Amino acid sequence: MTNPYVQYLQSMNNASSTNDNAIAESQITSPYYDHIRIERELGTYLIKTIKEKPSVILLTGHAGDGKTGLLHQILSTLNVIRSQDNLKIKDVCYIEELSSLLLYVKDMSELTLQEQVAYLKEGFEVKAQGGSAIIISNTGPLIEAFKEYEKTISSNADLDAIEMDILKMMDNNGGEAKFVGQHEVVLINLARIDNTDLVPKLFEKILQPDLWSPCQTCSVAGSCPIYNNYNTIRENKESVITFIEAFYRWLYETDKRLTIRQILAHLTYSLTGNLDCGTLSIKKTEENLFNYHFANLFFGYIGTKSSSDALKIKAIQEIQSLRIDEKELPHNYNIFVRNDFSKLKKEVRYMSEKFWFNEMRFYNRNSSNLHSDEKPYLLRKAMRRMQVLFGEYSYEEQELLLAKVFTPIFPKYLKLREELIKKRELRILEKMVVRALNLILVGNIEGLQAEEVLYLPLKRNDVDVQSVQLLLGKVNTTEILVVQKEVESKFDGKVNFYKLEIKLSKIEESFPLSLLLLDYFDNIARGSVSTKLNPSLTHGVDKMKAKIYKAYKFKEEAEEVKVLVQTLKGPILVNLEIDDNKIYVD
Amino acid sequence: MIKPYPPLKDLIIPEKNPQTQIYGQRLYKDQTHYEYLLEFLVVFISKKSDANYVDSDEGFSFFVPTNGKKLAYFPIPRMGLKRFIFFNHSDQEKRFNIDKEAMATHRNYLTTLINESKKKDYSKEFVLDVMQDLLFGFNAITGKRSWSAQALLPLSPEMIFCEAIGNRETRIKLGNTENKSSEKNWVEVDKKFNFDQHAFMARGGEVYYLHVAQSLQNTSPEYKELITSGIKEMLTSIEQLSHISTFIQKQWEEIVDNPNNNDLNFHYIKKTAEFIPDTYHKRGEFTVKEICNLVRCELDPFEKIKLFGTLIVIQIIRLMTLQATETIKGVDSQEWLIDLTNNSKSPIRKIAVNSYRELEENIYRAVHYADIQSYIDKIKNMNDTKALEAAAKDTNLLVRRLAKSINFVIPNKGPSMRFSLNEDLVKVLVLTLIAPGERLLFSTFLKKCYEHFKIIIGAREAAYHFHEKEITHLVDFDENEAAFQELLKDCGFLRNLSDATSIVENPFKG
């Protein structure tokens with residue numbers, strides 16, 4: 001027996017040849033779409049925008065960010081279409097609730113430039129008559145169409161300015177109406193929206209019991225890896241979601257954001273392994289259950305082997321590049337040395353233990369090849385994957401796991417994002433930041449640290465030897481604060497979070513402390529010398545340096561020359577006061 | 001015959017050497033890339049007038065006389081300060097006794113001015129060493145040169161030195177004079193340098209100054225204000241360095257005690273700038289915009305100075321490129337085809353190598369459009385071969401050397417020379433073509449690179465530029481363009497905003 005829902009899930013990833021639904025249009029018309037789709041707050045926000053005043057809304061974003069889905073949500077909420085209707089390429093509908101027109105364009109990219117310009121023009125005309133327009137477009141065509149449209153209006157339109165206006169809106173993505181050239185638009189760039197918070201909701205939807213109920217009565221239910229995965233996750237939903245969310249959060253914060261479609265592909269593959277329900281046999285039951293276990297599929301493995309099909313999924317490429325299953329994890333000792341599997345969740349404990357003993361039998365008798373053979377190594381990797389997703393962890397152990405798997409500062413970062421932390425913990429972060437800044441700006445700081453001052457020397461970065469450095473200013477370290485700032489999401493009202501910032505009392509603007517920057521500072525403060533910073537962050541650090549130097553420049557007269565002299569015994573501070581014809585030294 | 005800028009009254013162009021006739025007076029083989037910047041800044045900060053002292057100007061300006069006279073400018077030599085900073089670090093063989101004594105006298109006098117602290121026991125010598133090391137730490141050009149020809153980074157106006165070349169015999173002779181340590185002799189010791197040899201500061205900075213000044217005359221006055229104040233700020237933000245430099249030179253002048261308050265070659269020297277071809281103004285607007293964007297960036301002072309130096313070299317090469325094809329063909333048609341593929345078999349490599357060869361050819365060929373005969377007639381023992389050989393050194397070979405010095409042309413040695421880009425050059429392009437804080441589509445950025453410098457990287461610009469010629473390799477440019485995109489990303493200037501739309505941004509907004 002088959003559960004058509006399983007097939008639907010499998011059609012959402014491109015890891016096998018059956019990928020009918022890996023494009024938006026066909027997904028939407030499936031009867032299951034209604035069950036698993038998420039009402040996005042952004043849709044509510046845009047409907048509110050339309051209701052407040054006539055607007056032209058432009059939606060851009062990566063393929064798979066949910067542009068079409070969002071449009072569908074808005075149109076069906078406004079009762080313009082029914083939930084299973086297909087969208088037209090372009091249509092003008094009548095919204096009864098507002099007694100006004102709504103023009104929508106499903107995808108500008110599929111149209112010729114003339115059509116694009118014509119629809120854009122029509123959108124503004126509808127707006128002029130009190131209606132609204134929602135236009136989906138890729139960025140390139142959007143900018144070209146806009147430029148072309150402006151040209152038809154005035155011959156001396158500043159086309160560069162139009163491009164810059166649009167790019168600025170896409171970058172800031174504030175959701176407000178702004179002018180591009182002469183026209184007011186609301187531009188939403190879905191590629192810049194953090195979709196990580198949608199993951200738990202999405203996962204929850206996929207796991208709705210009524211969608212899985214046909215499996216319950218299936219004859220091979222007991223030996224079906226898919227159904228087993230479903231059951232295992234139902235039992236351990238919270239802990240699994242914690243890790244999955246942390247993983248996607250990590251990708252987002254390290255500039256490797258996934259689109260919703262990519263996330264769906266990953267999750268659906270991890271659940272089903274694209275196994276064909278209809279031909280599953282009862283044989284090899286336990287081996288199958290282990291090989292196609294969620295913990296393996298999530299990392300792109302079938303049993304101990306990496307699957308080349310799975311590598312078509314972006315999330316799997318990313319998770320493999322992290323080499324999580326080669327790391328030193330909290331339960332390694334228990335499992336590998338003591339052969340104690342009690343730290344695994346009970347749903348996987350027996351299976352893993354049996355698999356391990358069965359496969360390791362040979363090495364128990366003859367341990368000489370234990371370290372040179374590949375098999376034990378691959379087995380250990382599989383056990384690590386199991387413990388990452390289905391280990392029993394105390395709160396501290398959970399933090400340790402994330403620190404080991406990602407980066408030491410990561411669990412702290414997640415906490416800082418979620419909740420206000422104690423003042424004391426912030427002070428510890430401040431100390432770390434100050435130490436890192438000291439090492440970056442001054443270098444050798446032995447002996448100077450006690451003074452609680454951050455010196456600002458004029459330091460060349462192209463030569464090593466600069467034995468005497470001019471001091472341009474100093475900052476009392478008490479003036480350097482790390483603060484948590486609450487960010488209210490415009491589009492997703494329910495997912496406020498805290499952002500970490502460095503604040504200096506003499507500088508009005510604050511400097512965002514992203515995960516990568518925090519990690520960089522943490523590494524430097526720990527004494528790592530070869531830490532390389534992502535180049536876009538280097539510019540951020542350079543700018544911050546420039547701002548600090550400007551604000552904390554010595555205000556005294558230029559006669560006071562303070563220098564830092566590097567001696568064999570460490571740096572010393574020499575103060576030269578130079579007046580007309582005397583030098584006072586101290 | 002070229003039209004000169006400024007329009008000098010008594011200028012007889014055909015008497016100049018052919019390369020000067022075409023490219024202006026003058027771009028010379030021995031000037032290092034950094035000395036273009038330094039010489040330009042010397043002209044910028046110095047007081048100026050016309051050669052007959054009719055008009056005058058207080059410095060930190062882009063003054064050029066309009067009365068048909070040459071531009072005169074008056075740098076301050078500050079030999080005492082220069083000696084204090086560089087003498088102990090220079091080649092032993094070039095430390096002459098007379099300067100050794102002058103240095104000792106200077107340092108001795110300075111020690112008498114030091115009031116030590118009661119808390120700490122620094123020796124007076126230590127304090128002087130600290131002052132010397134502090135300033136020497138900003139050295140820019142040292143190497144094998146004598147102390148008088150070394151240079152610092154331009155972190156304050158007092159640290160920008162003009163050229164001073166000591167003659168071996170003169171220095172030795174000065175040391176043998178009987179009353180050598182008398183005050184009067186110190187004046188001579190400082191004055192007996194050759195300030196007008198144009199060996200290192202060979203007028204390339206003057207050429208660049210004239211180009212910027214002319215460009216500013218043709219653009220809106222707000223640019224002049226922005227650039228003048230931007231450069232001034234770059235040079236004056238660190239007052240302590242001004243103060244300490246001034247003090248050291250002033251104390252030396254106390255010792256020298258020159259009775260003449262305004263002594264030529266001691267308190268100031270007089271230099272005159274010549275002319276450039278008027279054609280350079282054709283890229284004037286671009287030059288102005290590029291400088292303007294760069295000086296407005298919020299950058300570390302060292303970084304800004306370095307990038308400015310590189311920008312000047314790029315612009316000088318562009319000016320020569322422009323002048324070459326304008327002279328030969330009447331249009332600015334020579335592209336800079338950049339190879340980023342890093343693949344010796346790629347068709348792009350071949351096109352880029354050919355294109356660069358053509359560029360050098362054009363730059364050299366343009367010299368043949370000068371009035372060579374008049375020059376040969378005027379100069380004794382001069383003939384065609386000699387004149388053209390010298391011209392090659394100051395034209396295509398100069399471009400090659402300058403471009404290689406900033407790694408704009410690779411490889412440094414060996415065949416297959418072509419244009420390429422490294423991280424520093426990418427930074428210059430982004431910071432000069434995009435205003436600080438602004439962003440552009442990647443495609444627009446490519447277009448701007450082409451507009452300003454005729455840089456060709458992608459297929460679109462290639463198709464546009466080579467419209468007449470058959471170009472079969474357009475698709476190969478995609479690889480080149482992708483490599484550029486990757487390079488920009490690695491340098492932190494490019495981001496993907498959404499579906500296949502990349503933007504390039506200049507993040508250094510103040």
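**View 1. Gln469(A) stands opposite Leu564(A) in β14(A).** In this predicted model, local features need pLDDT of at least 70 and side-chain atom pairs count only at pLDDT 80 or more, whereas totals for chains, interfaces and linings use all residues. Residues are numbered from 1 along each chain as its sequence is written, and chains are lettered from A and ligands numbered from 1 in the order in which they are written. Strand β10 (residues 468-476) and strand β14 (residues 560-567), both of chain A, pair in the antiparallel sense over three bridges. Strands pair if DSSP finds at least two bridges between them; helices (H or I, at least four residues) and strands (E, at least two) are DSSP runs, numbered from the N terminus.

**View 2. A hairpin of two residues joins β14(A) to β15(A).** The antiparallel strands β14(A) and β15(A) (residues 570-578) are joined by eight bridges. Thr567(A) stands opposite Gly570(A) in β15(A).

**View 3. Chain A contributes 44 residues and chain B 42 residues to their contact (C-beta atoms, placed from the backbone, within 7 Å).** On the side of chain A that touches chain B, the elements giving two or more residues include β10, β14, β15 and α24 (535-551). Of these, α24(A) gives the most, with eight residues. This side divides into 21 nonpolar, 14 polar and nine charged residues (nonpolar: Ala, Val, Leu, Ile, Met, Phe, Trp, Tyr, Cys and Pro; charged: Asp, Glu, Lys and Arg; polar: the others, Gly among them).

**View 4. Strand β16(A) runs parallel to strand β5 (residues 114-115) of chain B.** Two bridges join these strands, and Tyr584(A) stands opposite Asn115(B) in β5(B).

Technical notes:
Two residues are in contact if their C-beta atoms, placed from the backbone, lie within 7 Å.
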